[in-house]
Amino acid sequence: MKKDEVPQDKGNLSNKNMKELVYATDEKGNYTTALSTGWEPKTIALSNSIEEISERIAIAKAQVENNEVSPICYYMEFCRMDIGVLSSYVGMWQWRVKRHFKPRVFARLSDSILEKYAESFNITIEELKNFKTN
Amino acid sequence: METNFAHHQSAHCENGVASNLLKHNGLNISEPMVFGIGSGLFFVYLPFLKVNYAPAISYRPMPGSIFNKLAKRLGLKIKRQKFSSEANAIKALDENLKNNIPSGLQVGVYNLTYFPDEYRFHFNAHNLVVYGKTETDYLISDPVMENVTTLTHAELNKVRFAKGAFAPRGQMYYPIQVPANVDLKGAIIKGIKNTCRDMLAPMPIIGVRGIRYVAKLIKKWPVKEGTKKANHYLAQIVRMQEEIGTGGGGFRFIYAAFLQEAAVILENDELQKLSLEMTTIGDLWRDFAVEASRVYKNRSTKVDVYNTLSDDLLVIADREEVFFKKLKKAIS
């Protein structure tokens, strides 16, 4: 990559006024560093992943409203976690976390267990118990 | 309290922390040099490890390995500590700052408040340096950022004890012994040899063979997993290759910069030529990213585009195989 070809596209970084450092060659072919505000293919790739997550959150939300899964599942998606990450945050086996996805099981959970989840999601127990759709 | 630490922005967090910490300790070493000697160039495909619901592909070795290899090859001593209790982790860091020792930390990205929201994933192999503390904040030098920044005490604690794959467990590291004279030449040769061995490894998921393996999978994804998933996987490859921290082209440009520096130190003109070749290969990776992004942007459903992408990747694999064989010869 030549220094004058370092992309300066608008993207997720330029929104926050950040720039990243890349390595590029100058006129004589010597390596130097340059700052880049972003590159479109990257932005598209990242938006693709973000969209994917938003979709998962929307699905989880609908499922909670239909009483198919517990709010734990929704907040897991909302915090961009998967079962492995969540189970390691709350310090429980994955099968136990999966079980807590069932609304019936969730309704009977003790406050101390709910507290672990609430803490991992950075919310209060009340928010976890009284699930609101927004 | 504050240590007189100089912040330099770098492309990749681990190299950046290593380079900045060593510069602070009187050893002037550039980011590409750290990357090359620490054998940072790598490729591995891990089908059994899922990141964000897509198979993991990494262009770098295990977290911590670059700095460890660099230290071994230059004869530095680095102290690494992990903690089971958060209180002890805080105490050890504060103790270091009191003794005027800027310390490197491994942290999780998800709770780094100064990152843009889009970048906050549960990725636990990020590195930064803490160089001071105030009543409310820690002073942070994050090498991928242009300027220094801060995190509150609670925020830093949270990122140090992030959970999930590669959980940092408060990991803290800092050089305790830096020799005045280091054998750069020997270290460079060891680093290059190691990289050639990795990239030409006779294992199906590592190095050049790993790239070929993924290339063949790209052909199968749309049929086996459906276009939606295939596009998601492709986006994941591009992100791993180009996102913050790689310096572009899946670290190939940093490596080319390293070879250029090495050519001068080793007085080896062949390395200069190979640096140019590596740059061309890096450009091919960039082209691949452009093509891939077109596929998932247009949501094209033709099977053919995946074949083209796969062929592009196979060409890169062939080029790299030839390249690393030449590189091996150039330093023997």
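Me: What is the volume of the largest pocket?

Reply: In this predicted model, the largest pocket has a volume of about 1,200 Å³.

Me: What makes up the lining of the largest pocket?

Reply: The lining has 49 residues, and B:Val51, B:His122, B:Phe123, B:Asn124 and B:Met240 lie nearest the centre of the pocket. At least two lining residues each come from helix 1 of chain A and from strand 1 (44-51), strand 2 (54-58) and helix 8 (227-242) of chain B. Strand 1 of chain B gives the most, with five residues.

Me: How do you know that the span of helix 1 of chain A agrees with its 26 residues?

Reply: Helix 1 covers residues 40-65 of chain A, and at 1.5 Å a residue it should span 38 Å. Its end C-alpha atoms are 37 Å apart, so the two values agree. Just after this helix, A:Asn67 takes a positive phi of about 60°.

Me: Why is helix 9 of chain B described as largely enclosed by the rest of the structure?

Reply: Buried means under 20% relative accessible area. Twelve of the 15 residues of helix 9 of chain B are buried, so the helix is largely enclosed. Among them are B:Phe253, B:Ile254, B:Tyr255, B:Phe258, B:Leu259 and B:Leu266, as well as B:Arg252 and B:Gln260.

Me: Which residues have the most contacts inside the largest nonpolar core?

Reply: The largest nonpolar core has 94 residues, and those with the most contacts inside it are B:Ile192, B:Ile218, B:Leu259, B:Leu271 and B:Leu327. Leaving aside neighbours within four places in sequence, B:Ile218 is in contact with B:Leu234, B:Ile237, B:Phe288, B:Tyr306, B:Leu309, B:Ser310 and B:Leu313. A second, separate core has 60 residues, including A:Leu13, A:Ile57, A:Phe101 and B:Leu151.

Me: Why is A:Asn30 called partly exposed?

Reply: Partly exposed covers the range between the buried limit of 20% and the exposed limit of 50%. A:Asn30 has a relative accessible area of 34%, so it is partly exposed. The residue is found in the loop between strand 1 (20-25) and strand 2 (31-36) of chain A.

Me: What does A:Asn30 touch, not counting residues up to four places away in sequence?

Reply: A:Asn30 touches A:Ala24 and A:Thr25, and also B:Gln260 of the other chain letter. B:Gln260 is one of the buried residues of helix 9 of chain B. The C-alpha atoms of A:Asn30 and A:Lys3 are separated by 9.9 Å, while the two residues are 27 residues apart along the chain.

Me: Is B:Lys69 buried, exposed or partly exposed, and why?

Reply: B:Lys69 has a relative accessible area of 25%; since this lies between 20% and 50%, the residue is partly exposed. B:Lys69 lies in helix 3 (residues 65-74) of chain B. Residues up to four places away in sequence aside, B:Lys69 touches B:Gly38, B:Ser39 and B:Asn194.

Me: What makes the phi of B:Phe166 and of B:Arg169 worth a remark?

Reply: Most residues other than glycine have a negative phi. The phi of B:Phe166 is positive, near 55°, and the phi of B:Arg169 is positive too, near 45°. B:Phe166 is in the loop between helix 5 (153-160) and strand 8 (172-177) of chain B, and B:Arg169 is in the loop between helix 5 and strand 8 as well. The relative accessible area is 39% for B:Phe166, which makes it partly exposed. For B:Arg169 the value is 46%, so this residue is also partly exposed.

Me: Where are the domains of chain A?

Reply: The domain assignment gives domain 1 as 3-38 and domain 2 as 56-129. The centres of these two domains of chain A are separated by 41 Å, taken over C-alpha atoms.

Methods
Residues numbered from 1 in each chain as written. Chains lettered and ligands numbered in written order. Predicted model: local features only at pLDDT ≥ 70, side-chain atom pairs only at ≥ 80, totals over all residues. Heavy atoms only, no water. Helix = DSSP H or I, 4+ residues; strand = E, 2+ residues; numbered from the N terminus. Expected span 1.5 Å × (residues − 1). Core = buried A, V, L, I, M, F, W, Y, C linked by side-chain atoms within 4.5 Å. Buried < 20%, exposed > 50% of the residue type's maximum accessible area, 1.4 Å probe, protein only. Contact = heavy atoms within 4.5 Å. Domains from an automatic or database assignment. 1 Å grid on protein atoms, 1.4 Å probe; cavity = no way out; pocket = protein on both sides within 12 Å on 5 of 7 lines; lining within 4 Å. Points joined across faces, edges and corners; volume = space filled by probe spheres on them.
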